[in-house]
Structures are given as C-alpha cells and as structure tokens.
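User: I am new to this structure and would like to go through it step by step. Could you take my questions one at a time?

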Amino acid sequence: MLTVAVLIVSIYYAAAQTKGKAFFAMNSTAGLWTCCLLLLAVILQLALYMKYRLQHVIRLRQVRRRQAQDESITVHIPQLNRHQLETLLKVKQQTKIKVLVLIGLGCSLSAGAQDLKPTKLMNQTGILITIILILIPVLVGIALMIFKLRRVIGHYRRKVHQEESGQLASYLDEMNDTETLHALSQRKIALDYSLNDDELAGTQAADDNKGLLSDISNAPDINFITRKKVAVARPPIDPALAKLVLWFLGTATFWLLFGTTVGEYVGIKFISPDVDHLSWLSFGRLRPVHTNAVFWGWASLAMLGLGYYIVPRVSNMPIASLKKGWYTLVLVNAAVVSGTITLMAGINNAGGEYREYVWPVMALFAAGLCITLRNFLQTIASRKSKEIYISNWYIVSAVIFAIVIVLVAYLPFWQDGLGETIVQGYYMHQGVGMWFMLFVLGVTYYFLPQQLNRPIYSYSLGILAFWSQIFFYTVIGTHHFVFSSIPWWLQTVAIVGSVGMLIPVTSGSTNFFMTFRNGWHKLAGSYTLPFFLVGLVFYFTGSMQGTAEAFRYTNLIWHFTDFTVAHSHITMYGIITFLLWAAIYTVVPRLTGKEPPQITVGIHFWLALIGLLFYTVPLMYGATYRGIMWQSGKPFIDSVVFMAPYWLWRAIGGSLMWTAHIVFAYNMYKMLLATTIPDIKEAALKKLSEQYLKGSISSPNQ
Amino acid sequence: MELFDNHKTLYSTALGLFLVLTLGVAILPAISNEKNNAPLPEAPVLSEDAVKGKALFVANGCVACHTQQVRNVEMDKIWGDRPGIAADYADNHRTDLLHNTATLMGTERTGPDLTNVGNRQPSRDWHLVHLFNPRTVVEQSIMPAYTWLFEIKDSVQEGDVVVNVPEAFLASTHQKVVASREALQLVAYLQSLKQVKLPGEKSPLFLYKREQPAAAGDGASPVLNGAELYANNCQSCHQPNGEGLKGAFPPLKGSKIVLNDDPELMVDIIMNGYTGRMQEGFGEMPAVGTLNKLTPGEVAAIMNHERSSWGNNSRKVTEEQVKVIMEKVKKQ
C-alpha cells in the first residue's frame, strides 16, 4: 500500500510536470495531493507498523503454544472428525475474508479521498496554511492513539505470558522427582546468600556535612495527583520590591477577573440579546470595557510587575527607585478604573478598537509608562554586567515603543479623514505586537531558561528575532483594512510585512523549543512548564495564522467575521495570558514562600486550555462558512442565523475560561495571603531564641 | 558586540528604526491622505441632528458590529453602488477637545454595513421601532435593544413622535412608546448615511467578480431568486411571512394591490413609494426600487415571489411587462 501511495505521488508528479505547473507551489493541485498522500502514507505506515506488532504477538503466541503442546497438538489433529475439520476450515476461511474486507475498506477510503476535487478554496495558500496548522494537533492526536494502542497490545502480550505461566504451574505441580528437588534446594541456598547492605556505607549514621541534601521525607504518602516540584528558594529579594511586584500582579488578577466577567456577559448577549436593557450594560459599551480591561488592566499590569522583578535581577542591581514603581502602579490602575467608568457612561474616543479610552485616560497610562521607562533605564545604566541580557532588550524596547504608539494614536495632527484609519491600523496592531508580544517575549527569555535550568539555546537567534520583529511588525498594521479605501500600496506593504513575520516567529519559536530539548522530562514534574509550552505552541500557530489571514484572498472570506475574534483570543489569551501565568506561578511562590495548591493549578490549566479550544475552533469554523455565505450573496440575516450555534459554543468555551480565572484568583490568594501551616522547625527555633533572649535579659535579675 | 553592550546606543537604535518605519507606514501616509483628499462636490453637510446622532453612534459603540466601508470586491456590492474612496471620508474631523475624529470604518460585520443605509432603509418609522427592539421587525436579530432612548407614556402629548411597537413587546396595551430626542437624532444620522455619487462617469471597479453559473450556456440570463431579493429589499418591513407589522407596515398577504391582475400600481409603489395608507396609521413606503437601483428583472422576480407566496395566487408578470410599466411610471 505504501508503495502504491508513493507510486501515485510519482504519477502525479509526472502529470504536474507535463502541465508545466510548479509542483511544490502551494497553489498547485499536485502539491496539495502530495500533502494529502504524504499524510495518508504516514497513517498507513503507522497502521502497518501496528499490524506487524500484532502479527508478532500472534506469532509469539502460536510458537509458545506449539512448543508447549507440540505433541498433544499433533496427536489431536489426525483425530479430528469430518465435521470438526469443516468448522476449522470455515474459521480459517472467515479470517481470510475479514482481511480482504479490511484491505478493501482501506482502498475505498483512500479512493474516497481521491474523489475529493481540490476546490478553488483549497488552492489558496492561506487556507492551506490553516489546514496544516490544524493538522498538527490532529497528528499529535493520532500519535497519542498509536501509543495507547501499543499499550493495549502490551497488555495482551502479558496475558499470553500469564497463560503460559499457568501451564508451567501445572507442570511444576506434577513434578515430584527427588533429584531435581534436591538440586533446586541447593540452588536456593546459593541464591539466599546476600550482602549485609553496610559493606560500603558502614554502620554509622549518614552525615551530610556539605549540606547537599534537603527536603527528605520518610513518611509514606499516597499521590492522588502527581507531586510537582516546588519553587526553589532564590537569593533573598528585597521585601519592599517583592511587595511592589505582588501588588502589580494582584491588581492584574483583579482586572483579569473583572475583564473576563464582562467578556463572558458580552458573549452571552450574542445568545440572549434581551438579557438587559440598561444603557450602561449595552453591548457596544461593554465590549470595549472588556477588551481594554484585559489589555491595559490584566496583561499590562502583570507585565509591568514581572518587569520590575526581571529588570533589576538581570542587571544585578536593585531597582533605581521603588517609589516610581508605585507611581506607575497607581497611574495604570487609575487609567483602567476611569476608562471603564467613562466607557460605560458613553464617553468614547471615536470607536477605533483598543483606542476607545479618551485621551485624558490614556494620558494616565502613558505617564505611568514614562515613569517606569526612566526607572528601568536608570537601573540598566548602573548594571554590574557588561552586556545587557536579551530580556532587557525586549522589555525596555516594549515600553519605549508603547509610549511612541500611544503618542502617534492620540496626537491630533494626522487624524483627519482617512488619516484616522491609517493610524488606527498602525495603532491596534503595534499595541499587540510591540507592547504585549515584545514584553512577554522578554519575560519568557528570562523565565523559560530558568525553569528548565539551562541557558537559552541561541543568543543570536534571539537577536535576529528582535530586529526582524521590529522591522516587519511595524509595517503590518494596515492589513486590517485590506480592500478598503486606504492606499493600495500600503495594503500591499502590510501583506508583505505579514509574510516577513515568519522570520521572527520561526527564529523565536525555534529558540524556545530548542531550549526545551532534552528537557521534556521536566514537563511532567513542573506546574509552570505546561503553561510555557502551551504559550509557545500558540506563539507559533497563532502568529502563523496571522500571516495566513493577511492574504488578499483569505481577507475575502475571513475579514469582518468572528474569525478575527477567534484569532485575537488565540494570540492574546493563548500566547500572552498563558505565558504570563507561567511567569506568575514561577515568581510568586519565590516572593512569598507560599505554594499554590497543585491540584487547583492543574484545574486552572486544563479549564483554560479546553475553554480556549471550545471558544476558538467552532468560531473559526462558523466564521469561514459565514464568509462563504456572504461571498455567494446569501441574505445577510441568514448568516446571522447560521452563526447562532457557534456563538453558543463560544459562550460555553468562555464560561470554562472564566471558571479557570476564578481558580487562578484562588491560587493567587493562596500564594499571597493564605496563612500556611508554619514550619515546625522554624517555629521551634523562634520560640527557643525568644526564650533565650528572655532568659538573657532576666538572668541578671536572678 | 560593542553597540549592543551600551544601553544608550542599543535602545536609540531600536527606537530610531521603529520611528523611521512608523513615519513611513503611519504618519506620512496619514498626512498625505489628509492633504490630497477633499470631500466630494455632491456630499451634503450633516444636519445638526445628524451630527448629534453620530456622537450617539460613537458613544454607544455601534462600530463594534457595523462597518461603514464598501470594499472594492464584488461581495460588498450589496452595501453600495461603488467601492468607497478616500474622499468619502475626507469630511471627518475632530469634533471637540475630548473626542478624536470618527471615521467609523469598523473592522467587524456582526451586523450589516451602514455606508448606504440611508438609501437602503430610509423609513424613519422602521428605524425607530427597530431601535426600540430590533426583534420587533427582524425576529432573528441579535442587535441590542435601545429602549432607554424611548419614553413609555400612558398619554401622548402634542409633538410626541409615537412609535408603533407591537403589543408583545410592551408591558400593557395602554402604553405608548414615544421617541426621545436622542432616538430621533440617531435616526437622523442613520438616514444621512448615503453613498455620494462620483462626479465623473467612472468609479473604481469591484474586484473578484462572482463567477456566473454557466447554466444553460445559450446566453439566457440566470434565473433570479425572488425569495432572496425579497429578503434583501422588503422583508425587514413586510416580514418573512408577508403579514407586515400591525399598525406599522401593511401586510402583503392577501393585499388587494399585490393580488391585482394589473401590476401597474404595484410597480409604481415599488419604484416611487406610497403614502396611500398613512391615514390608517401605516408608515410611508420609501421608493425602494429606485433607491436600491433594482432592475426590471429583479422587480419582476420580487413581484412574482410576493404574488405566489403565503397563499397569494396571482398571475405572474414578465420582465418585459415590468420594464414597460417602469418606463411609464418613472418620475422625472
């Protein structure tokens, strides 16, 4: 079958050549066929592999049987009567037919696949990229299934061996030969000889005079869930800085909870539009409340908090000014509070996405950033190391760029007419790419190597990603307005820039995944690494999806639909939020000395991940069909009716995500405020020293 | 590298690169667009009410679901007669110190595009009842209800604009719904949204033409789908079941005009609008056919759909018949 598949590929290859088309071009039919056939070939190969394993087991079983019962079997065979022989032959025949049916089924399936005519849709690069991106998890699923099957076969093998042991048992039962028994008892005496276990260690108690061992537990403990590694204590951090960082992260958690509660409610309004009739809670006002609260409240505050931990740490200096950190915290929080209230009251800048806060509100935010920028720069200027670690490249640049972006977006000199739209495209995308993405990449460059306990794979790749990100990302903003009346050349530049984004994304992901190499075993024992892994997988797929969406043809189908909403959740949630969680779970236990309950961290992780998939996959599927309905000229309202089930799925996924955030808030509470069971040794020492102090004070009186 | 070990050179290089690119793709194109585009000569100036309505449109975040851009692709043709051009937006300026310019192009089309809604749906009565609760006129709509833009009264005073809301949407049958000044301003803005005619003959082309189903291949024009055309042009008032809306939009089911063997009056109403039943409380019918630039074939398809649906059973009309009547009733 494999050869047949390869044969078909080569036939198509020949056919494609005669047609004079580029074979591996994404838009050629032959290229698509090759992909499909290669996929089929992989699956077939796996199936064949499984078949051989199965056959091996069956053969093994047969051989064993034959060995054990050789004589009796040969004795029995001639004794079979006519009727019995007939049954036996029938059984044999049926197995043959079954094999034939299986092969036929396989053929018809592949024939069915061959009948699929690649439609015009399938010739589009963007669509193909998306399909391949979707195929990656599918293939992982198949691999998982194969592993499961292997285990099932393993079980079966064990069963075969057990049967054999039964036979052995009966053989042993019947064995009563004194000579053999004597030999066996001799053997037992020989085997019973053992060492005392203290030949090497001696009989004295162990003495760890270098202090190498810690956290030794002799109490047996049943693990209902896997015990993960707890945070290793770090060199002490200035408690005043720790307090500032924790305040940033705490308020960020509040805004996450608030922002997604609003998001959840807004999602429900798609299913039940008459749930309320209050002006302050109407959809158009709450939607920007949701997006801005999670952008400037949750993500920005969490990033800044982590920045205040990382920047002084990699500079090997205390932060230049703690006071400035507090100013930033207050200013950013004030911006989000006042922004939320003004939006709900109906005071809106002009309706540009993420630019809904009016300028006095955004000025608070920008002022906060300026103060922090000065603070970071002063800290780095006084650094003890010669070089600037790459985290600080990303983090400080992100703060600089964010200030530039806000200024460009809010200064009034170039906002008339279409100028506003051009700036809007620039602003909304730079906000995402040059503020959130750049900053979080910096955070990842610090925490991922630390959690894996190995240096980053390649410093140069990190630098390449940094400069290419600036170069390409800055120009892609207007791909949100493809086919609109902004200049055609500007649209083309944005599309070309979106393709150029492959460079920073591939180099960045390669760097992170290569850092992971040989460290995969650490994944199971850590509760932070799964968050990093999910964030990085989405970094690759989500960013690639962005490129796929930017093409002109994909714009026809996906632009204006909920596909964009799904994409922004894959990126802002899948990448940014997951990586922020990873960093928060890394740093907070180190600052407070309190661990989150591992079971609730697990619940948080799975609810968020499954929720995100429920949210995005149906929405992308439905949105694609909605775009096609628009293209074929169906009445608009039909496409609204069509979307209803996908909006319902979105609300279900959103609810799961929202529940995850409640669990996360609980974990934060546990890490920040919960009273933990005090360390008995610590408490005893404290008591002793108190007593000693008292004693030393009271002793003169005696 | 030395360059990257000095924080001043490192960050100023990054900032410099970013600023140069920012100038190139955002600031300079924005300024050049501002300078090189003027409003179209025929573009009307927004009325005072419409300006206030636009502010309400911005304040309530309507742009989250409604775009205002006709892209130069065939699939956007239903939202306007021609693709949008930069001059269409040239008259948008900052209105006051607090708010930025509102071009309101939008990025999401959860609801229909509004570039040309003033032509497509000119009826004030429809907009008011639709704003009060969109599900009164479009059952499957998921648009928010803007009830707070209306007052519910037991008695009507002079000058009140009463909205004919179906009883099912009111707490009691005695209640009267009166449009507030804000509601009227918002509707004034929506009515003002009309695509302006270009001065020359030529307008930009729509790209990505839809492939015509090569059905017969003998040159016969493809069969027009009357039900779809009805859904796009008539259904929001006369409803999918043809029964209209009690007290607001008259039924077509069993209507004398629809069932009349002589189609002249029906064509006249479609092309020129109708005020004949206003004394019964129904709203004024806009000249849907002329505003939406329906062809004789399309009008015939719609008429035949109406004449043969919901139990209506009247003689079919042909494209030629409609064409002749359209010429006859055409207003100069």
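User: How many residues of chain A are in contact with chain B, and how many residues of chain B take part?

Analyst: In this predicted model, the two chains bury about 7,500 Å² between them, and 66% of that area lies on carbon and sulfur atoms. Counted by residues, the contact involves 95 residues of chain A and 82 residues of chain B.

User: How do the residues on the side of chain A that touches chain B divide into nonpolar, polar and charged, and how many polar contacts and salt bridges cross the interface?

Analyst: Across the interface of chain A and chain B there are 20 residue pairs in polar contact, both residues of each pair being at pLDDT 80 or more. On the side of chain A that touches chain B, the residues divide into 54 nonpolar, 26 polar and 15 charged. As for salt bridges across this interface, the number found is 2.

User: Where do K188(A) and D192(A) lie, and what is the N to O distance of their salt bridge?

Analyst: The structure holds 16 salt bridges over all chains. K188(A) and D192(A) are both part of helix α5 of chain A, residues 178–192, where they stand 4 residues apart, about one turn of the helix. Their side chains meet in a salt bridge whose N to O distance is 2.7 Å.

User: What is the order of the strands in the open sheet of chain B?

Analyst: The edge strands are β1 (150–153) and β2 (162–163) of chain B, each of which pairs on one side only. Strand β3 of chain B, residues 176–179, is joined to β2(B) by 2 bridges, while 4 bridges join β1(B) to β3(B). The pairing is antiparallel, and the order of the 3 strands is β1-β3-β2.

User: Where is N316(A), and what is its phi?

Analyst: Most residues other than glycine have a negative phi. N316(A) is placed in the loop between α7 (283–315) and α8 (322–344) of chain A. Its phi is positive although the residue is not glycine, with a value near 60°.

Terms used: Residues are numbered from 1 along each chain as its sequence is written. Chains are lettered from A and ligands numbered from 1 in the order in which they are written. This is a predicted model: local features need pLDDT of at least 70, side-chain atom pairs count only at pLDDT 80 or more; totals for chains, interfaces and linings use all residues. Side-chain values use heavy atoms; hydrogens and water are left out. Two strands pair if DSSP finds at least two bridges between them. Contact means heavy atoms within 4.5 Å. Buried area is the accessible area (1.4 Å probe) that two parts lose on being put together, summed over both. A salt bridge is a side-chain nitrogen of Lys or Arg within 4 Å of a carboxyl oxygen of Asp or Glu. A polar contact is a pair of N or O atoms within 3.5 Å; within protein, one must be able to donate a hydrogen and the other to accept it, and residues adjacent in sequence count only if both atoms are side-chain atoms. Ala, Val, Leu, Ile, Met, Phe, Trp, Tyr, Cys and Pro count as nonpolar, Asp, Glu, Lys and Arg as charged, and the others, Gly among them, as polar.
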